[in-house]
Amino acid sequence: LDEMMPGGGFYKGSSILVSGSAGTGKSSVGALFLEAACRKGQRAMMFAYEESASQIIRNMRSIGIDLRSHVDSGLLRIHSSRPTLGGLEQHLVTMHELVEAHKPEVVLVDPISNLMDDLGDPELKPMLLRLVDHMKVSGITAMFTSLTSVGSTLLENSEVGISSLMDTWIVLRNVEHNGERNRILVILKSRGMQHSNQ
């Protein structure tokens, strides 16, 4: 990403969507985002909807990302909950409250697609827009991961319909060729900054 964004990364207060099918590395990209912020002394917050905090810390350690030290220092807070424990409105209220309490400079929601029981819900996009706007107004740089279906086209890769709300959209894909699987990272858009088309 550093090489693909020669301007120096994301703008402060921008929103980033990282989408891809299972196993493409969305959570790993999100963890690197948090770790990079904490290394700079910035406060960070993660909302996790797939794994517990201890599982996330263990799994990221296996690929060389140390989140434990940042949790212990108080810079990083991980809030883990099951999507089924409340509706989208309740999860958003909880996010607002915890963000106000911790005052992070960066936030990761991993994956936001787990909060969406009904993708056709007309209230979904306005509620997400309120969350994104709250982050922007607060100057928080926010990353959202989204699980997509294998074989979906790029235009369908944001199944939660939020790509239009995002400043940057990164798609991760697995490509198999001659019995070998390789990961591909594509920046579909990044408003207001130069980025690689490779």
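Predicted model: local features only at pLDDT ≥ 70, side-chain atom pairs only at ≥ 80, totals over all residues.
**A first walk through the model**

1. Residues are numbered from 1 along each chain as its sequence is written, and side-chain values use heavy atoms, with hydrogens and water left out.

2. Here is the overall plan. The protein has 5 helices and 7 strands (DSSP runs numbered from the N terminus: H or I of at least four residues for helices, E of at least two for strands). Their order from the N terminus is β-α-β-α-α-β-α-β-α-β-β-β. Of its 198 residues, 46% count as buried (under 20% relative accessible area with a 1.4 Å probe and protein chains only; exposed is over 50%, and partly exposed lies in between).

3. Back to the largest pocket, whose volume is about 690 Å³. Its lining has 23 residues, and D2, F10, F33, A36 and K40 are the closest to its centre. Two or more lining residues come from each of α1 and β5 (141-147). By type, the lining of this pocket holds 12 nonpolar, 5 polar and 6 charged residues (Ala, Val, Leu, Ile, Met, Phe, Trp, Tyr, Cys and Pro are nonpolar, Asp, Glu, Lys and Arg charged, and the others, Gly among them, polar). On a 1 Å grid over the protein atoms alone, a pocket is an open set of points with protein on both sides within 12 Å along at least five of seven lines, a cavity is a set where a 1.4 Å probe fits but cannot get out, and lining residues have an atom within 4 Å of a point. Points are joined across faces, edges and corners, and a volume is the space filled by probe spheres set on them.

4. How far apart are D2 and H195 in sequence and in space? They are separated by 193 residues in sequence, and by 9.8 Å from C-alpha to C-alpha.

5. The second largest pocket has a volume of about 240 Å³. Among the 19 residues that line it, G25, K26, S27, S28 and E50 lie nearest its centre. α1, β2 (44-48) and α2 each supply at least two residues of this lining, which divides into 8 nonpolar, 7 polar and 4 charged residues.

6. What about enclosed space? Searching the whole structure turns up 1 cavity of 30 Å³ or more, and the largest cavity has a volume of about 30 Å³. Its lining is made of S27, A31, M46, E51, I56, M60, L67 and D110. At least two of the lining residues come from each of α1 (26-39) and α2 (53-61). By type, this lining has 5 nonpolar, 1 polar and 2 charged residues.

7. L88, H91, L92, M95, L98, V99 and H102 are its buried residues. Seen down the axis of α4, these fall within an arc of 130°, so they line one face of the helix (the arc is that of the directions from the axis to the C-beta atoms). The face turned away from the buried side of α4 carries the exposed residues E97 and A101.

8. Now some backbone details to check. Most residues other than glycine have a negative phi, and most peptide bonds are trans. N178 is in the loop between β6 (168-177) and β7, and counts as exposed at 72% relative accessibility.

9. The peptide bond from D110 to P111 is cis, with omega near -15°. P111 is in the loop between β4 (106-110) and α5 (124-137).

10. Last, S190 lies in strand β7 (residues 180-190). Is S190 buried or exposed? It is buried, with a relative accessible area of 4%. The side chains of S190 and T168 are joined by a polar contact of 2.8 Å (a pair of N or O atoms within 3.5 Å; within protein, one must be able to donate a hydrogen and the other to accept it, and residues adjacent in sequence count only if both atoms are side-chain atoms).
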